[in-house]
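Visitor: I would like to learn how to read a structure like this one. Please take me through some features one by one.

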Amino acid sequence: MQIPGHIDPVPIPRTVTPRADGRTDLLGLSSPQIGDLLVEAGLDVRQAKLRAKQLFHWIYHHGLTDFAPMTDMAKAMRPWLAERFVIGRPQVIEAQLSTDGTRKWLLRSDDGQDYEMVFIPDDDRGTLCVSSQVGCTLNCRFCFTGTMRLVRNLTPGEIVGQVMLARDALGEWPNGNMASQLDDSDDNSDSDDEAPEYTADGRMLTNIVMMGMGEPLYNFEHVRDALKIVMDGAGLALSKRRITLSTSGVVPMMARASEEIGVNLAVSLHAVTNAVRDEIVPLNRKYAIDELLAACAAYPGANNARRITFEYVMLKGKNDSDEDARELVRLINQYKLPAKVNLIPFNPWPGADYECSSPERIRRFSSIVFGAGISAPIRTPRGRDIMAACGQLKSASERKSRAELDRMAEEKSAALG
Ligand code: SAH
Ligand code: SF4
């Protein structure tokens, strides 16, 4: 079936960020990519390889944004690098703190597009929710991000940049170099031997979820390259077991995600019949439930130690009946899926068509699934007061009036027939 163009991937703009001053941003580049740039700039191949390795370590392990303190680089090399390269960060437009400790940052790209990232502190972990696109083309009916008109893929630098910024903000780089970066004086930042001087507020970034704005599998290469950098042992060194990629069900990319990235998989299922899923997750019209669950069963990482998480947003009167819960269990058993279900209370946003199921309904749904031996915890909404909860992300510049949202909803349903 032909689906209107909005569910197809958007074009990818660029990988290396050219800057107005002619310098190249190294953020988001792998060690071999940095090496290639150094060769282009005139270094011989052996020297370039060595310097690239050193740079990678300074950038991603120490979090440096300046070449001057790179003590293992020849003195003359440092200004040479600074003339040609920068180590950037996404621009922070706004930082908000929720009453429950959740933080949200509004970020802006060089070409003036806004996207968001969210940090969710818990007792035993700190999770960064990372965006993969500005906006999203998929228009799930319950998701605020899906109402954004502008969509562009984030570059690897913009994706890794979110992790770097979170570490900056949490003061989580070794050797306390953040302290000197924050007060903008680098006089004391060139000593690599200083005792660690963490300024962390006790919450450490331990986990990453690709659950911010956008569909990560529609920006596959950039998400893969960014996560490879995040997982690289010479840099940020986050284990793949601590990273989860959430997809709304881009079936043809799931096998590649497993082979080339290998992180945990979360699937936004949200409904157990095609009639309902077609309505709330329009991508279902392209890849229906059976096809999606078959792809989940084939996801090679999936065994009992690494279960697939099914996300299920609780929408009043839409997908939340006892029968829905039983059908969910039946489907998971039919496909023999090592699965866990995450029940997400619907987070409201201005102009949304749905309401959240009642707490009793959600508990009942959960107990049916649990009763069948499948874990089905209810996710506690976090950061609702600052619109940082699941599905509430949308850049401020894009927040629309009610009338405008209604008109867009009409256009959308006309386009979908
Ligand atoms: N695009 C990817 C990842 C980002 S969304 C995906 O859809 O999987 C992260 C999760 O939040 C998804 O499961 C999504 O369906 C859910 N979500 C979207 N809008 C929501 C809302 N208003 N309330 C609760 N969850 C929502
Ligand atoms: Fe896009 Fe995910 Fe929102 Fe659907 S739920 S519109 S896929 S971000």
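Visitor: What is the hand of the crossing of H10 and H11?

Guide: A crossing is left-handed if the near helix is turned anticlockwise from the far one by less than a right angle, and right-handed if clockwise. H10 and H11 cross in the right-handed sense. A word on the source: this is a predicted model, where local features need pLDDT of at least 70, side-chain atom pairs count only at pLDDT 80 or more, and totals for chains, interfaces and linings use all residues. Residues are numbered from 1 along each chain as its sequence is written, chains are lettered from A and ligands numbered from 1 in the order in which they are written, and side-chain values use heavy atoms, leaving out hydrogens and water.

Visitor: At what angle do helix H10 and helix H11 pack?

Guide: Axes are lines fitted to C-alpha atoms, for helices over the stretch in contact, and angles run from 0 to 180 degrees between N-to-C directions. H10 (residues 322–334) and H11 (residues 359–371) pack at about 30 degrees, their axes 9 Å apart. H10 is therefore roughly parallel to H11. The cut-offs: under 35 degrees is roughly parallel, over 145 roughly antiparallel, 65 to 115 roughly perpendicular, and the rest oblique.

Visitor: Which residues in H10 meet H11?

Guide: Contact means heavy atoms within 4.5 Å. From H10 come Asp322, Asp324, Ala325, Arg326, Leu328 and Val329. They meet Arg361, Arg364, Phe365, Ile368 and Val369 in H11. That contact divides into six nonpolar, no polar and five charged residues. Here Ala, Val, Leu, Ile, Met, Phe, Trp, Tyr, Cys and Pro count as nonpolar, Asp, Glu, Lys and Arg as charged, and the others, Gly among them, as polar.

Visitor: Now another pair. At roughly how many degrees do helix H1 and helix H2 cross?

Guide: The axes of H1 (residues 31–40) and H2 (residues 45–62) cross at roughly 130 degrees and come within 8 Å. That angle makes H1 oblique to H2. This crossing is right-handed. H1 supplies Ser31, Ile34, Gly35, Leu38 and Val39. Among the H2 residues in the contact are Val45, Ala48, Leu55, Phe56 and Ile59. Nine residues of the contact are nonpolar, two polar and two charged.

Visitor: How many helices and strands are in the chain?

Guide: Helices (H or I, at least four residues) and strands (E, at least two) are DSSP runs, numbered from the N terminus. The chain has twelve helices and 13 strands. Its length is 417 residues, and 54% of them count as buried. Buried means under 20% relative accessible area, exposed over 50%, partly exposed in between (1.4 Å probe, protein chains only). Of the contacts with a separation of 6 or more, 69% join residues 24 or more positions apart.

Visitor: Which residues surround ligand 2?

Guide: A residue is near a molecule or strand if one of its heavy atoms lies within 4 Å of it. Around ligand 2 stand Cys136, Leu138, Asn139, Cys140, Cys143, Gly146, Gly214 and Ser248. The shell holds four nonpolar, four polar and no charged residues.

Visitor: Where is the place of serine 248?

Guide: Serine 248 sits in the loop between strand S10 (243–247) and helix H7 (251–261). Serine 248 counts as buried because its relative accessibility is 8%. Beyond four places in sequence, its contacts are Leu138, Glu215, Ser268, Arg277, Val281 and Leu283.

Visitor: Which phi does histidine 270 have, positive or negative?

Guide: Histidine 270 has a positive phi of about 70 degrees, although it is not a glycine. Its loop runs between strand S11 (264–268) and helix H8 (274–280). At 5% relative accessible area, histidine 270 is buried. Methionine 387 also has a positive phi, near 55 degrees. Methionine 387 is in the loop between H11 and helix H12 (402–416).

Visitor: With which residues is phenylalanine 142 in contact?

Guide: Leaving aside neighbours within four places in sequence, phenylalanine 142 contacts His270, Ile280, Val281, Val313, Leu315, Phe346, Trp349 and Tyr354. Phenylalanine 142 and valine 313 are 171 residues apart in sequence, yet 8.7 Å apart C-alpha to C-alpha. Phenylalanine 142 is in the loop between strand S7 (133–134) and strand S8 (152–153). With 11% relative accessibility, phenylalanine 142 counts as buried.

Visitor: In which strand does asparagine 207 lie?

Guide: Asparagine 207 belongs to strand S9 (residues 207–210). Asparagine 207 is buried, at 10% relative accessible area.
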